Amino acid sequence: MHQPRYESPWANDEVRMFRRSVRQFVEKEFAPHQARWREARAPDAAAWTAAGRAGLLLADLPEDYGGGGGNFAHEAVVLEELARAGVHFGCAIQSTVAHYILAYGTEEQKRKWLPRLARGERVAAIAMTEPGAGSDLQAIKTSARRDGEHYVVNGSKTFITNAARADLVCLAVKTDAKVTGMRGISLLVVETTELAGYRVGRALEKIGMHGQDTCELFFDEVRVPAANLLGGVEGRGFAQMMEQLPYERLQIAVGAVASAEQAVALTTRYVKERKAFGKPLFDQQNTRFKLAECSAQAHIGRVFLDSCIVRFLAGQLEEASTAIAKYWLTETQCRIIDECVQLHGGYGYMSEYPIARMWADSRVQRIYAGSNEIMKELIAWSL
Ligand SMILES: Cc1cc2nc3c(=O)[nH]c(=O)nc-3n(C[C@H](O)[C@H](O)[C@H](O)COP(=O)(O)OP(=O)(O)OC[C@H]3O[C@@H](n4cnc5c(N)ncnc54)[C@H](O)[C@@H]3O)c2cc1C
């Protein structure tokens, strides 16, 4: 963190200790392999179990279900340390899916899936978006027709993170084709190993976040046990998504602030070393002013984010504040990183420089998990 005198109010000795061990793990086990992950367009398979052993997965789930027994502070630490190291690893999705199962799963579902997710023996994905339905989730078409003790799933999903290795997919489907809109939607937990009719498409070629896979999924008469319906009652999927999306948005806000802080830190180092006109770039007033602006924006973002985390920990964070956090902090992240690219000059446009990758990686933050336009709708509804 570039603000030495400020520490998040949710930190305590135990959280600090957890941060030290997560940082050590990420620097030693993940950071050195980033070039390979980027080339493969996905993390190493072994990264999942390693992350599980190191306590990075499901840090905020109860120990009873194999989780770390922590709270959102621990989850935030994991996301911050990954962002700080420039590592894109889908453990936020793993946590998100685990929270769906924790909130709505039957006891049997929780015991069956959560410990394996925590150990990284299973990789989770959440599949809502379709080629014809992103922001407008009510318009999804993937169907699940009941047939005895199974659902028969047909349709396709797109832009699904972790999909290449996912063996547990939390899938939004229409269980009632006759009902239009949200009431016909349910969530099915699909165990994909050797599942007939299930196919993962190619890894989509993105402009950033190359170390993490994003794929299409295809379902052709796929039989899923009816017992895998999340919560056991049809038609609750849309409400479940609306309840859980704020958690995902707060995760994104955490990553946004951490990566903005990291951009300021590494750009400060760069402009103090790089010389032009016989002196370090930092000696130019414009450079100092731009960095001061970036630093101020990152710090204001940090303080707002921390207030959201504290309220979230107390169970008092309302949806509009989560939407504000997701919207404003990701816009701020992109603004800061863009300014930092400028301060790097031509090197800021070279992929081998972290700031260039951060620029490309950060752009999607304003789009996924509910675009920032949708966030503004949510904020406006609260007015
Ligand atoms: C890298 C990446 C990873 C992703 N991971 C996942 C994942 O793991 N699981 C998953 O389910 N999805 C995932 N997504 C999908 C993502 O959530 C959607 O792309 C996003 O919700 C937007 O949907 P869309 O792409 O269909 O855009 P559209 O809904 O077509 O929107 C296009 C534009 O129109 C705007 N717009 C739409 N409706 C309104 C409105 N009412 N008012 C004003 N403006 C509006 C949007 O804000 C956007 O700017 C991922 C996407 C990317 C790029």
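Which polar backbone atom lies 2.8 Å from a nitrogen atom of the ligand? It belongs to isoleucine 126, and the pair is a polar contact, meaning two N or O atoms within 3.5 Å. The model is predicted, so local features need pLDDT of at least 70 and side-chain atom pairs count only at pLDDT 80 or more, while totals for chains, interfaces and linings use all residues. Residues are numbered from 1 along each chain as its sequence is written, and side-chain values use heavy atoms, with hydrogens and water left out.

**Contacts with the ligand**
- An oxygen atom of the ligand is 2.8 Å from a polar backbone atom of methionine 128.
- A polar side-chain atom of serine 135 lies 2.6 Å from an oxygen atom of the ligand.

**The shell around the ligand**

**Cysteines**
- A disulfide is a covalent bond between the sulfur atoms of two cysteines.
- With a disulfide taken as a pair of cysteine sulfur atoms within 2.5 Å, the count comes to zero.
- Cysteine 340 is in no such pair because its sulfur is 4.5 Å from the closest cysteine sulfur, in cysteine 294, which is too far for a bond.
- Cysteine 294, at 4% relative accessibility, counts as buried (under 20% relative accessible area, with a 1.4 Å probe and protein chains only), and cysteine 340 is buried with a relative accessible area of 0%.

Technical notes: A polar contact is a pair of N or O atoms within 3.5 Å; within protein, one must be able to donate a hydrogen and the other to accept it, and residues adjacent in sequence count only if both atoms are side-chain atoms. Buried means under 20% relative accessible area, exposed over 50%, partly exposed in between (1.4 Å probe, protein chains only).
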